[in-house]
Amino acid sequence: TRSLTITSVDQSMFEKAQGEKVTLPCTFELSEEDEGPLDIEWVLIPADNQKREQIIIMYAVDRIYNHYYAAMTGRMQFTNLDPKSGDGSLDIMNLKAADTGTYQCKVKKAPGVQSKKIQLTVLVKPARTKCSIEGSQEIGKDVTLKCVSQEGSPLLSYDWRRVSGTQNLPATSVLNKNTGELLLKNASRENSGTYSCVASNRVGTDECSVELNVTPPVNTAGIITGAIIGTLLGLSVLCSLIFCFCKKQREKKYEKEVHHDIREDVPPPKSRSSTARSYIGSNRSSLGSMSPSNMEGYTKTPYSQVPSEDFERAPAQTPAFAPSKVAAPNLSRMGAVPVMIPAQSKDGSIV
């Protein structure tokens, strides 16, 4: 007795690159005895047995249902728009690494039931590969060229080649294809040039390059001596600046102290009126001890030489001088200078 049969048994494993398209085959033949409705289901079997199978697309009662699996919404469809014709293959576009898994095609038409499993592996191409140099690029030193791809599904393989000049690697070089390291032992000037690294896996390649420049050893002693001399010069300049700054501050402080001392020690200037009063007072004391007979020599001295401010007062405040009743000694013998005694007139003025 014939029954429903899945005819696509050629390939059960697929490897594709991320972003590509894959067609998972599922063709079948119906039997005359299969009289029930036709159902075609594609399910995703998780790697974890504890999880349930996930229906991703289904054909039932002449209708397609493709909204069961949100992760593939808009990226999957039946290859044939009419699956009941015998082709229930599935197309998945814009593959992602998360699409990796086991897919199962189930075809049901009572009483016949058949299924087929297909393993899909989505690989990521190498990308963002970077090259670098580790170690001192000096003659006689060991230099390591490194190559690392930031993206890419394992297993990645790395291969180095020399771009400039001869493409052969130096005889002393050691290549590790798994880690991407190229060790150049006892580097020489002839090893200088451009080196290229190619990272690859089963679905793609990526490349980067680096420039190696092997130079003679650097004069370390000269560099250290220059650094010491430069440091000493810098310190001397800094000390000079600090000394000048401190000296300037001391000078400013001294000027402030001297200026403050002068303002406190110098007495305030006397007014003209106080000077005139002291002058008149001294003359009064002299006049009180002298006799009229010895005052003739003062008649020649103009009285206007006395400061006039002292006499700019009201007539009522003008002091009156009375002639001394005490007999004055003969001042001419004593060498004293005769002084004129002022007299008060009737109107109160001094003559």
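## Disulfides and a buried aspartate

Cys26 and Cys105 form a disulfide in which the two sulfur atoms lie 1.9 Å apart. The structure is a predicted model, and a search of the whole of it finds 3 disulfides. With the bonded cysteines counted along the chain, these disulfides follow the pattern 1-2, 3-6, 4-5.

**Cys26 and Cys105**

- The torsion about the S-S bond of Cys26 and Cys105 is about -70°, so this disulfide is left-handed.
- The pair links distant parts of the chain, with Cys26 in the loop between strand 3 (22-24) and strand 4 (28-29) and Cys105 in strand 10 (residues 101-109), 79 residues apart.
- Cys26 and Cys105 are both buried.

**Cys131 and Cys208**

- A disulfide joins Cys131 to Cys208, with an S to S distance of 1.8 Å, and the link is right-handed, with 75° about the S-S bond.
- Because Cys131 lies in strand 12 (residues 127-134) and Cys208 in strand 18 (residues 204-212), the pair ties together parts that are 77 residues apart in sequence.
- Cys131 has a relative accessible area of 18% and is therefore buried, and Cys208, with a relative accessible area of 10%, is buried as well.

**Cys147 and Cys197**

- The sulfur atoms of Cys147 and Cys197 are 2.1 Å apart and form a disulfide, which is left-handed, with -85° about the S-S bond.
- Cys147 belongs to strand 13 (residues 143-151) and Cys197 to strand 17 (residues 193-201), so the pair ties together parts that are 50 residues apart in sequence.
- Both Cys147 and Cys197 are buried.

**Cys244 and Cys246**

- Cys244 is in no disulfide, and the nearest cysteine sulfur, that of Cys246, is 9.4 Å away.
- For Cys246, the closest cysteine sulfur is in Cys244, and the 9.4 Å between them is too far for a bond, because a disulfide requires the sulfur atoms to be within 2.5 Å.
- Cys244 counts as partly exposed, at 49% relative accessibility, and Cys246 is partly exposed too, with a relative accessible area of 33%.

**Asp91**

- Asp91 is placed in strand 9 (residues 90-92), and its relative accessibility is 4%, so Asp91 counts as buried.
- The side chain of Asp91 makes a polar contact with the side chain of Thr23 at 2.7 Å, and another with the side chain of Thr79 at 2.9 Å.
- Leaving aside residues up to four places away in sequence, Asp91 touches Lys21, Val22, Thr23, Arg75, Met76, Gln77 and Thr79.

How values were computed:
Residues are numbered from 1 along each chain as its sequence is written. This is a predicted model: local features need pLDDT of at least 70, side-chain atom pairs count only at pLDDT 80 or more; totals for chains, interfaces and linings use all residues. Side-chain values use heavy atoms; hydrogens and water are left out. Helices (H or I, at least four residues) and strands (E, at least two) are DSSP runs, numbered from the N terminus. Buried means under 20% relative accessible area, exposed over 50%, partly exposed in between (1.4 Å probe, protein chains only). A polar contact is a pair of N or O atoms within 3.5 Å; within protein, one must be able to donate a hydrogen and the other to accept it, and residues adjacent in sequence count only if both atoms are side-chain atoms. Contact means heavy atoms within 4.5 Å.
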